[in-house]
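Trainee: I'd like to learn how to read aromatic pairs and helix packing in a model. Can you walk me through it?

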Amino acid sequence: DNAFGPDAAWHRALNFLFHAINVLLVAGLGAWSRIGYRLSIPAAAVFLAAQNHQEAIVWTAALPELLVATCVLAALNAWIQALNRRSVLWMGVATLCYLVSLASKESGVVFLALAAGILLADRVRWSVPVAVLGLQGIVTAVYALGIFRTTTYHLHLNDGTFTVQPGFIVVTVMSIGRLLLPVGWAAAIVVATSRNWRFLA
């Protein structure tokens with residue numbers, strides 16, 4: 001804003017730059033042996049062109065969505081490197097990227113589930129990542145408590161956005177179903193038919 005003012009072209013260019021970085025980070029997930037580049041590169045190509053998330057790319061106010069995606073994907077790439085190399089340094093990079101993702105948007109917490117999933121799928125016998133995930137979980141719990149302490153004046157905690165109702169499950173299932181159309185469902189079928197249930201989970 002300070003450098004270019006309200007000119008939408010510059011804001012969109014920044015958003016497109018973050019999208020390009022995210023595409024490269026999706027491709028980078030192929031360093032995980034269970035995925036491989038033969039899967040991550042096509043996934044990156046789909047992510048590049050898929051319509052489902054384009055609103056966040058062209059809408060200037062959605063920059064936090066792009067930032068949280070960048071940070072979570074960077075954290076996952078670092079996590080994979082840490083496990084592949086048994087590197088405490090890469091573990092620290094993953095943690096730093098995760099913390100920055102939380103500063104971008106609350107949905108950054110998805111990293112914990114994905115990192116734990118990778119750890120379980122690879123059956124890693126190394127205590128360091130388990131300890132690091134535990135520490136990240138503690139930080140996340142403190143972060144969540146900090147959010148809920150603002151209940152009296154936080155807009156979304158008072159306007160019904162997070163009200164748990166029976167329709168929540170229906171909306172969530174339908175949203176995920178639509179988000180996966182069509183390539184995500186095709187990928188799920190391919191993985192399911194490989195009978196690698198641990199990987200599918």
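**Rings and helices, step by step**

Mentor: Let's begin with W10, which is partly exposed, with a relative accessible area of 47%. Buried means under 20% relative accessible area, exposed over 50%, and partly exposed in between (1.4 Å probe, protein chains only). Keep in mind that this is a predicted model, where local features need pLDDT of at least 70 and side-chain atom pairs count only at pLDDT 80 or more, while totals for chains, interfaces and linings use all residues. Residues are numbered from 1 along each chain as its sequence is written, and side-chain values use heavy atoms, leaving out hydrogens and water.

Trainee: How do I read a pair of aromatic rings?

Mentor: You describe such a pair by the distance of the centres and the angle of the planes. Rings of Phe, Tyr and Trp (its six-membered ring) pair if their centres lie within 6.5 Å; planes under 30 degrees apart are stacked, over 60 edge-to-face, and the rest tilted. By this rule there are three aromatic pairs here. Take F4 and W10: the ring centres are 4.0 Å apart and the planes sit at 10 degrees, so this pair is stacked. F4 is partly exposed too, at 46% relative accessible area.

Trainee: What kind of pair do W79 and F111 make?

Mentor: With centres 6.0 Å apart and planes at 90 degrees, W79 and F111 are edge-to-face. W79 lies in helix α4 (residues 63-85) and F111 in helix α6 (residues 110-122), so the pair ties together parts 32 residues apart in sequence. Helices are DSSP runs (H or I, at least four residues), numbered from the N terminus.

Trainee: Are W79 and F111 buried or exposed?

Mentor: W79 is buried at 0% relative accessibility, and F111 is buried with a relative accessible area of 0%. W79, Y98 and F111 form one aromatic cluster.

Trainee: How do α4 and α6 pack?

Mentor: Axes are lines fitted to C-alpha atoms, for helices over the stretch in contact, and angles run from 0 to 180 degrees between N-to-C directions. The α4 and α6 axes come within 10 Å and cross at roughly 25 degrees. These two helices are therefore roughly parallel to each other, a label for angles under 35 degrees.

Trainee: What does N22 touch?

Mentor: Not counting residues up to four places away in sequence, N22 touches F47, L66, A69, T70 and L73. N22 lies in helix α1 and is buried, with a relative accessible area of 1%.

Methods:
Contact = heavy atoms within 4.5 Å. Parallel < 35°, antiparallel > 145°, perpendicular 65-115°, else oblique.
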